[in-house]
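Here is a short briefing to read alongside the model. Take a look at the chain first, and then we can walk through it together.

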Amino acid sequence: MNKTPDWSAYIAQMEQVLALELDDARRAELLTQFSRIATMAQPLMEYPLDDRLEVAGVYKA
């Protein structure tokens, strides 16, 4: 199931979490960039992986 992310909602949430005040032009540019990045990443995200692949280990100090 490929669901298209709602980048506008994500940007609005990050503005609140990070206590940022973005103007409309900056918000529009971020929306454009997130959409471009998602488009570039889509082929990689769709690449099938073998179910038997091991998950990378997690470093614990």
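A salt bridge here means a side-chain nitrogen of Lys or Arg within 4 Å of a carboxyl oxygen of Asp or Glu. By that rule, R27 forms a salt bridge with D24, with the closest N and O atoms 2.8 Å apart. Please keep in mind that this is a predicted model.

**Overall shape**
- The chain holds two helices and zero strands.
- Its radius of gyration is 17 Å, whereas a compact globule of 61 residues would have one near 10 Å.
- Along the principal axes, the C-alpha atoms fill a box of roughly 45 × 35 × 15 Å.
- Of the 61 residues in the chain, 5% are buried.
- The chain has an accessible surface of about 6,100 Å², and carbon and sulfur atoms account for 58% of that.

**The salt bridges around R27**
- The chain has two salt bridges by the rule above.
- One of them is the pair from the opening, R27 and D24, which both lie in helix α2, three residues apart, or about one turn of the helix.
- D24 counts as exposed because its relative accessible area is 60%, and exposed means over 50%.
- R27 also forms a salt bridge with E15, where the closest N and O atoms are 2.9 Å apart.
- This second pair links distant parts of the chain, with R27 in helix α2 and E15 in helix α1, 12 residues apart.
- R27 has a relative accessible area of 27%, so it is partly exposed.

**A closer look at E15**
- E15 sits in helix α1, which covers residues 7-17.
- Is E15 buried or exposed? E15 counts as buried because its relative accessibility is 11%, and the cut-off for buried is under 20%.
- A polar atom of the E15 side chain lies 3.2 Å from the backbone nitrogen of L22.
- Which residues does E15 contact, leaving aside its neighbours within four places in sequence? They are L20, E21, L22 and R27.

**A nonpolar patch on the surface**
- L44, Y47, L49 and L53 form a nonpolar surface patch, and together they have about 510 Å² of accessible area.
- L53 counts as exposed because its relative accessibility is 53%.

How values were computed. Residues are numbered from 1 along each chain as its sequence is written. This is a predicted model: local features need pLDDT of at least 70, side-chain atom pairs count only at pLDDT 80 or more; totals for chains, interfaces and linings use all residues. Side-chain values use heavy atoms; hydrogens and water are left out. Helices (H or I, at least four residues) and strands (E, at least two) are DSSP runs, numbered from the N terminus. Buried means under 20% relative accessible area, exposed over 50%, partly exposed in between (1.4 Å probe, protein chains only). A polar contact is a pair of N or O atoms within 3.5 Å; within protein, one must be able to donate a hydrogen and the other to accept it, and residues adjacent in sequence count only if both atoms are side-chain atoms. Contact means heavy atoms within 4.5 Å. Patches are made of residues with over 30% relative accessible area and no salt bridge: like charges are joined within 9 Å, nonpolar side chains (Val, Leu, Ile, Met, Phe, Trp, Tyr) within 5 Å. Accessible areas come from the Shrake-Rupley method with a 1.4 Å probe; for residues, only the protein chains shown count as cover. The radius of gyration is taken over C-alpha atoms; the globule rule is 2.2 Å times the number of residues to the power 0.38.
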